[in-house]
Structure formats: structure tokens, C-alpha cells
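These are my notebook entries on a structure that was new to me. I set down what I looked up, entry by entry.

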Amino acid sequence: MLRSLLDTLLVARFELMRALRTWRALALAVLYVIALSGATYIYVRILWFIEAGLAETLGVPMTEKPGAMMDELMDNGELQRMIREMSGTPDAVEYLLTWPLLAVWGLWIGILLLPFLATSASAECISIDMSTRALRFEALRTGRAELVLGRFFGQVGLTGIAAICGLSGAWLVGMTQMVGNDPVFLATGLAALGLRAWLFGLPFIGLGVAFSQLTASPNWARVLAVGSTAGSWIAFGLAREFRDTSWGWLCDLVLQVLPQGWLQGLWTPNEWLISGLVYIALSLCAVGLGFVRFARRDL
């Protein structure tokens, strides 16, 4: 048991180091930094427009950067409606307003972006070595289960690095493009809510690793993984749409196995831990489904 755990950690370290050595980690991090920083800047401009309208209503001068009217902004009905629509959880609005607005936005953008980045990067972690048959040499030194779990955990670490870099970019945008932000409070909020976005990405990492076990073509594995990620959002929308019909029992079942079905918990103060545990379980189940084929295939 101890030897198996050690082998898994060694494979995970190798996967992470290989990503760093081949600049794959840098590419993923840069992509997420650009996406999250750009989205954060757009949100800052939205806040500026809301503040401008509020300042005009109150008859007070408007600053060049948003943030000077944060207390008034928190009580603004339009902003609260925006947060309610983002979270899909009306009861969580009051709780979310205790966090920096940029952190709430970062969680929402992370939920949208991280699954696609995670599944795209993880889809080639095994298939790329199956295509060159280099995987046989690793399989001679450790078990197949340790090899797959090691690659999975390596991809989890890689996505975590990208998330940290992206949140750092969002923090920098918030500190330079807004006024009145407390640097520690903003960093704490981004980290706390960013952790929840990272947890949401875990099942999609598992999905990418699962497809990576099924084919020796990295491109084909990526197409299947990204397509399935997009399909999960479509299935989520359909399940919610037909939940109150005679097919409600099937829709409820689908929602239980989809990561999106546990999304509302991420916006609450306590239930996000339950959602996080579900995401860990779903990610391991996805890896296990791919392993059923991988355990028997000729490397």
C-alpha cells in the first residue's frame, strides 16, 4: 500500500515536472491569466458604469476609477440582481456581498473557464505517451492504476498552478484599476472563492484523463473531452428545463451525476464543502471508468 502511494506521487511529480519543462504549464497559466484578467477588467468597467449612474442620481462627482462608492454599490438593486443571476441562488446574495465583488466575479468566471482548460490539458496526459509507445516503459516500473492516478494528480496540480496565476492577475487588475480595495481582503476573497472554482474543475480533469485512456490520439482525446464538457452544460440545461415534467425522475438522476447539478452549493457558506467532496468523488469515478478499458488494453 505504501509502495503504491509512493509510486503514485512519483508519477504525479513526473507529470508536473514534464509540464513545466515543456512549457505546457506556462501556456496553460498564461491563457488563464489573460482570460481571467480580461474578464476582471470588463467587470471593473461594469462597476464603473453602475457607479457613474449612481453618482448622477445622488448628484455627487464621479471618480476616474470605480470603488469610491462601494458601500452605496452594495445596496444597489441592480448589482444585487446581477449577483443573484450569476449564482442562481437568491438566498446566497447577502452572503456573497460579504466578499469582494471581484472575488465573486472570479468564482463565476472560473466556473465557466476552468472546466474547458482543465479537460483540454488533461486529455493528452496519457494518450500522448500511448501514441509513441513510451508508456510501456513506465508500466514496467509501476502498476497501471498508479500510473493513471499519478497522471491525474499531476493534472490537478497543473490546474491549481494555472488557477493561482489567474487569480494573481485578477488581484493585480483589482488593485490597479479600482480604488479602495484592501489588498489582503481582496487576496483572501479571491483565494477562498477561487478554491471553489478549482474544485468544480476536478470532475472535468477526471473526464479528460478518462478519454486520454481510451485512445492513442491526443487530438481525438481532446476533441472527445472538450465536446463532453460542452455536452454536460447542454445536458444540465435540458435536465433543469424538463425537471417538472413526467421525465422529472430521470432529470433528477442526471443532475446528481453532473458537476453542474451541485453548483449552487459553491455559492453558500457551508454547502460548498459538500459540493467539493462530490466533485472529488465524481473526478475519481470518471478516471475509474476510463481505467476499465485502459487496464486491459495493449500498451
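**Entry 1. Terms and basis.** I call a residue buried under 20% relative accessible area, exposed over 50%, and partly exposed in between (1.4 Å probe, protein chains only). I take helices (H or I, at least four residues) and strands (E, at least two) as DSSP runs, numbered from the N terminus. I note that this is a predicted model, in which local features need pLDDT of at least 70 and side-chain atom pairs count only at pLDDT 80 or more, while totals for chains, interfaces and linings use all residues. Residues are numbered from 1 along each chain as its sequence is written, and side-chain values use heavy atoms, with hydrogens and water left out.

**Entry 2. Helix 6.** I asked how many residues of helix 6 are buried. I found 17 of its 22 residues buried, so helix 6 is largely enclosed by the rest of the structure. For its length I used the expected span of a helix, 1.5 Å times one less than its number of residues. The 22 residues of helix 6 should span 32 Å, and the end C-alpha atoms are 31 Å apart, which agrees. I then looked for a bend, meaning the angle between axes fitted to the seven residues ending at a residue and the seven starting there. Helix 6 bends by about 35 degrees at Leu 113, and Pro 115 follows within four residues.

**Entry 3. Thr 229.** I located Thr 229 in helix 11 (residues 218–241). Thr 229 has a relative accessible area of 0% and is buried. I counted a contact when heavy atoms lie within 4.5 Å. With neighbours within four places in sequence left aside, Thr 229 is in contact with Pro 115, Phe 116, Thr 119, Phe 204 and Leu 207.

**Entry 4. The nonpolar cores.** By a nonpolar core I mean a set of buried Ala, Val, Leu, Ile, Met, Phe, Trp, Tyr and Cys residues joined through side-chain atoms within 4.5 Å. Which members of the largest core touch the most other members? Among its 65 residues, I found these to be Ile 126 and Val 209. The elements that give two or more residues to this core are helix 2 (24–58), helix 4 (77–87), helix 5 (93–96), helix 6 (101–122), helix 9 (144–177), helix 10 (183–212) and helix 13 (272–294). Helix 6 provides the largest share, 12 residues. A further core of five residues lies apart from this one, and includes Ala 239, Cys 251, Leu 255 and Leu 258. I also listed the contacts of Ile 126 beyond four places in sequence: Leu 135, Val 148, Arg 151, Val 209, Ser 212, Gln 213 and Phe 294.

**Entry 5. Helix 13.** I recorded 23 residues in helix 13 and a reach of 33 Å from its first C-alpha to its last, close to the 33 Å expected. Its buried residues include Trp 272, Tyr 279, Leu 282, Val 287 and Phe 294. The cover over the buried residues of helix 13 includes helix 7 (127–132), helix 8 (135–139), helix 9, helix 10 and helix 12 (248–257).

**Entry 6. Salt bridges.** I counted a salt bridge where a side-chain nitrogen of Lys or Arg is within 4 Å of a carboxyl oxygen of Asp or Glu. The count comes to seven. One of them joins Arg 18 and Asp 129 (2.8 Å, N to O). Arg 18 is in helix 1 (residues 2–21) and Asp 129 in helix 7, 111 residues apart, and the pair thus links distant parts of the chain. Both residues, Arg 18 and Asp 129, are buried. Asp 129 also meets Arg 151 in a salt bridge (3.0 Å, N to O). Arg 151 lies in helix 9 and Asp 129 in helix 7, so this pair ties together parts that are 22 residues apart in sequence. Arg 151 is buried as well.

I next noted the salt bridge of Asp 252 with Arg 243 (2.7 Å, N to O). Asp 252 is partly exposed at 32% relative accessible area, and Arg 243 is partly exposed at 41%. Salt bridges with shared partners join Glu 15, Arg 18, Asp 129 and Arg 151 into one network.

**Entry 7. Cysteines.** I searched the whole structure for disulfides (a pair of cysteine sulfur atoms within 2.5 Å) and found zero. Cys 165 is partly exposed, with a relative accessible area of 31%, whereas Cys 251 counts as buried at 8%.
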